[in-house]
Amino acid sequence: MFFFDGARLFLRYYKPRFCAQNDHWKKSSIKWVHSLCQFKQKRTIRHVNKQVKKPLKLADKGALDQKVYVRHTIRNISNILRSSSWDSAQEQLKDLSVRWDSYTVNQVLKTHPPLEKAWLFFNWASGLKGFKHDQFTYTTMLDIFGEAGRISSMHYVFQQMQENGIKIDAVTCTSLMHWLSKDGDVDGAIKVWEDMKTSHCHPTVVSFTAYMKVLFDHNRVQDAADVYKEMLQSGCSPNCYTYTVLMEHLAGSGKYGEVIEIFNKMQEAGVQPDKATCNILVQKFCKSSETWPITHILQYMKANSLVLRYPVYMEALETLKMAEESDALLRQVNPHFQIECDKKEKTEDCNAIKTNINSTIDEGLVLYLLRRQNFVAIDCLLAGMMDKNTQLNHRIISSIIELNSDHSRPNGALLAFEYSVKMGLRIGRPAYLALLGVFIRTNSFPKVVDIVEEMNRAGISLGTYLGSLLIYRLGCARKPASCAKIFDLLPDDQKNTATYTALIVAYFSSGKANKGLEVFTAMRSKGIDVALGTYNVLLAGLEKSGRVQELEQFRKEKKKNVHADGSGQGMVPLEEMICNRLFAGDAVS
């Protein structure tokens, strides 16, 4: 089955000692994995089951295609709303063989059809038999009105949510705050925040950050600082956007030294500034004609292969020119902008990007070097191609990653991975698993999180087993923050007994017993079954932490709820079987 093949492949790359065979690249270079159903693993399992020899009927194939290409259905509905009158659109919508659920309606609304049509479609959907709007469709409709500046209509949608008993979560409240602030109603945004807290709707890091930005934008600096302290006390860790909001405010206030201090400290905290953060800061510094902080940001961007947007690049170029300082570092960070300006003016007429001349020759050369296993030459060639924006086939990049991983060359594998991200290439699942293996062996755990994030963007899921194994491995390395990030990236159907138990292990292994118990409580509150492996992890963690009273309580609960005699194993769900296989022993180290 696909599930066990993926596990076998992951464990192969995870072995600390690996003897590469001479003909490995020949096998891996032709073994391309193209799965149309990668984003829905359960369907893939049924589709590739070798025991099913009977071919699919045409009706079954049609149903499968409808699931796989649901985006085409969404686009078709959106086109109907855009190109037809409402009367005509209604008739066409009735003729569609679509299952009208919350997800479908929400995705159609997110395509931003014309405002009036969006509202008519929203009300039309509410009249469908068996359909009911939820917080997701209501929040999207609320966003549409807020973006259009129709604040009264936005309030009306929110009032309907309350009257219909729809759950109002932190996402809805954050959206309300944002649009009220954009409209200049800061008091209304503050009231939403206060109502959210009094109604026991717990703010997330996104909510805290959005509210801080509202206060900063309206010069309520002390209130924003208090909210930041409250966020830390509540256990929410700042993310990249939180730090960006803080630094953007400080840069606007002329406190450049403090900006650079936060910029350095966020990296020490394990939060890496992204491309958006760097662009925002450089643009802020350019407006104040400060060059030394620009240099600091550019040095970080060079080390992390980040680039500026073209308008920001032009601003930085002009700022350095006015200050009579060298722009060599700026050009090194952004080699894809080949600027040849006139001495006096018209910098906007300069050539921005060199075009690709002959990618076929480059691909042939890379394949030749792969056969020769000349890794140093491949690295140099790939770095030059990144500078020139030369496009390579995604299969070649996958082979480079797998071959470098087999030979324990994390830097070469990372270079190929960064090339694929920059060029927008979608590499195969085996290449991602190879990357995870080589970076776990070298204890480069922040890179592991980055790879999982990129897998998530590409629609490639780890699966329950690999997700649990990866969270557990990071937990053993005392990296609970990375474990939490990977857990959050998992789709909802993979947040099950096995992955929750792995997260509990991570917190107990890191000495955070309270967080481990919080995860266990959240797991039970969501109706997720507690397996034998979960109880074993919990008891081992509590015993290690010296929490005798709770240890005895859960020990009695285990005897009451779990039959350890192994009877009825055939009825145990797959995720519980995985949990028991991984954590049946004492997994807390």
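Helix 25 is mostly covered, with twelve of its 13 residues buried, where buried means under 20% relative accessible area, exposed means over 50% and partly exposed lies in between (1.4 Å probe, protein chains only). The model is a predicted one, in which local features need pLDDT of at least 70 and side-chain atom pairs count only at pLDDT 80 or more, whereas totals for chains, interfaces and linings use all residues. Residues are numbered from 1 along each chain as its sequence is written, and side-chain values use heavy atoms, with hydrogens and water left out.

The buried residues of helix 25 are R429, P430, A431, Y432, L433, A434, L435, L436, G437, V438, F439 and I440; helices here are DSSP runs (H or I, at least four residues), as are strands (E, at least two), and both are numbered from the N terminus. At 1.5 Å a residue, the 13 residues of helix 25 should span 18 Å, and the 19 Å between its end C-alpha atoms agrees with this, the expected span being 1.5 Å times one less than the number of residues. Just after helix 25, N443 takes a positive phi of about 60°.

Helix 24 (residues 410-423) has 14 residues that should span 20 Å at 1.5 Å a residue, and its end C-alpha atoms are 20 Å apart, in agreement. Helix 24 is also mostly covered, since ten of its 14 residues are buried, namely P410, G412, A413, L414, L415, A416, F417, Y419, S420 and M423. The cover over these buried residues includes helix 22 (375-388), helix 23 (394-406), helix 25 (429-441) and helix 26 (445-457). Helix 24 is followed by G424, whose phi is positive, near 70°.

Two packed helices are described by the angle between their axes and the distance between the axes. For helix 7 (residues 102-110) and helix 9 (residues 135-147), the axes come within 9 Å and cross at roughly 10°, axes being lines fitted to C-alpha atoms, for helices over the stretch in contact, with angles running from 0 to 180 degrees between N-to-C directions. Helix 7 is therefore roughly parallel to helix 9, given that angles under 35 degrees count as roughly parallel, over 145 as roughly antiparallel, 65 to 115 as roughly perpendicular and the rest as oblique. In this pair, S102, V105, N106, L109 and K110 of helix 7 meet F136, T137, T140, M141 and I144 of helix 9, where contact means heavy atoms within 4.5 Å. By class, the contact of helix 7 with helix 9 has five nonpolar, four polar and one charged residues.

Most residues other than glycine have a negative phi. H112, in the loop between helix 7 and helix 8 (115-126), has a positive phi near 55° and is partly exposed, with a relative accessible area of 41%. S305, in the loop between helix 18 (292-303) and helix 19 (310-322), likewise has a positive phi, of about 55°, although it is not a glycine, and counts as partly exposed at 44% relative accessibility.

N279 lies in helix 17 (residues 275-287) and is buried, with a relative accessible area of 4%. Leaving aside neighbours within four places in sequence, N279 is in contact with V307, L308, R309 and V312.

Residues 134-168 are 74% helix and 0% strand, with end C-alpha atoms 10 Å apart. Residues 204-238 are 74% helix and 0% strand, and their end C-alpha atoms lie 10 Å apart.

Notes:
Ala, Val, Leu, Ile, Met, Phe, Trp, Tyr, Cys and Pro count as nonpolar, Asp, Glu, Lys and Arg as charged, and the others, Gly among them, as polar.
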